[in-house]
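Let's walk through this model together, starting with how its pieces are named. Keep the coordinates open as you read.

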Amino acid sequence: MTPDDVGAALSLFEDMRHQLDRLETQVVIEARRRSMDWRQIAQRQDLNSSQAASQRYQRLMTRLEEIRQGVR
């Protein structure tokens with residue numbers, strides 16, 4: 001494997017992370033739309049509290065907005 005191959009592989013992770021963040025955000029939005037509360041969402045995400053689930057969602061939204069604006 002060449003250094004270029006390794007570099008290409010590493011760059012894939014950021015794109016995959018971005019796609020997973022978008023998907024997770026969309027699923028959380030759908031869960032909320034279907035009246036799931038943050039406690040239920042937290043349980044499904046294996047988080048300890050509704051606050052943790054809500055904060056995770058906010059972090060994802062912030063990161064996605066930064067990407068959209070070209071900040072990241």
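Helices here are DSSP runs (H or I, at least four residues), numbered from the N terminus. Just after helix 1, Ser35 takes a positive phi of about 70°. A quick note on the ground rules: this is a predicted model, where local features need pLDDT of at least 70, side-chain atom pairs count only at pLDDT 80 or more, and totals for chains, interfaces and linings use all residues. Residues are numbered from 1 along each chain as its sequence is written, and side-chain values use heavy atoms, with hydrogens and water left out.

Back to helix 1, which has 31 residues and spans 46 Å from its first C-alpha to its last. That's close to the 45 Å expected, taking 1.5 Å times one less than the number of residues. Some of it is tucked away: His18, Asp21, Glu24, Thr25, Val28 and Ala31 are buried, where buried means under 20% relative accessible area, exposed over 50%, and partly exposed in between (1.4 Å probe, protein chains only). What covers these buried residues includes helix 2 (38–44) and helix 3 (50–69), with contact meaning heavy atoms within 4.5 Å.

Now for the charged pairs. The structure holds 7 salt bridges, each a side-chain nitrogen of Lys or Arg within 4 Å of a carboxyl oxygen of Asp or Glu. One of them joins Arg63 and Asp21 at 2.7 Å, N to O. This pair links distant parts of the chain, with Arg63 in helix 3 and Asp21 in helix 1, 42 residues apart. Asp21 counts as buried because its relative accessibility is 7%, while Arg63, at 24%, is partly exposed.

Glu24 does something along those lines with Arg56: their side chains meet in a salt bridge of 2.5 Å, N to O. Here Glu24 sits in helix 1 and Arg56 in helix 3, 32 residues apart. Glu24 has 19% relative accessibility, so it counts as buried, whereas Arg56 is partly exposed at 29%. Leaving out residues up to four places away in sequence, Glu24 touches Gln45, Arg56 and Leu60.

A salt bridge can also stay within one helix. Glu30 and Arg33 meet at 2.7 Å, N to O, and both lie in helix 1, 3 residues apart, about one turn of the helix. Salt bridges that share partners join Glu30, Arg33 and Arg34 into one network. Arg33 is exposed because its relative accessibility is 58%; Glu30, at 27%, is partly exposed.

How values were computed. Helices (H or I, at least four residues) and strands (E, at least two) are DSSP runs, numbered from the N terminus.
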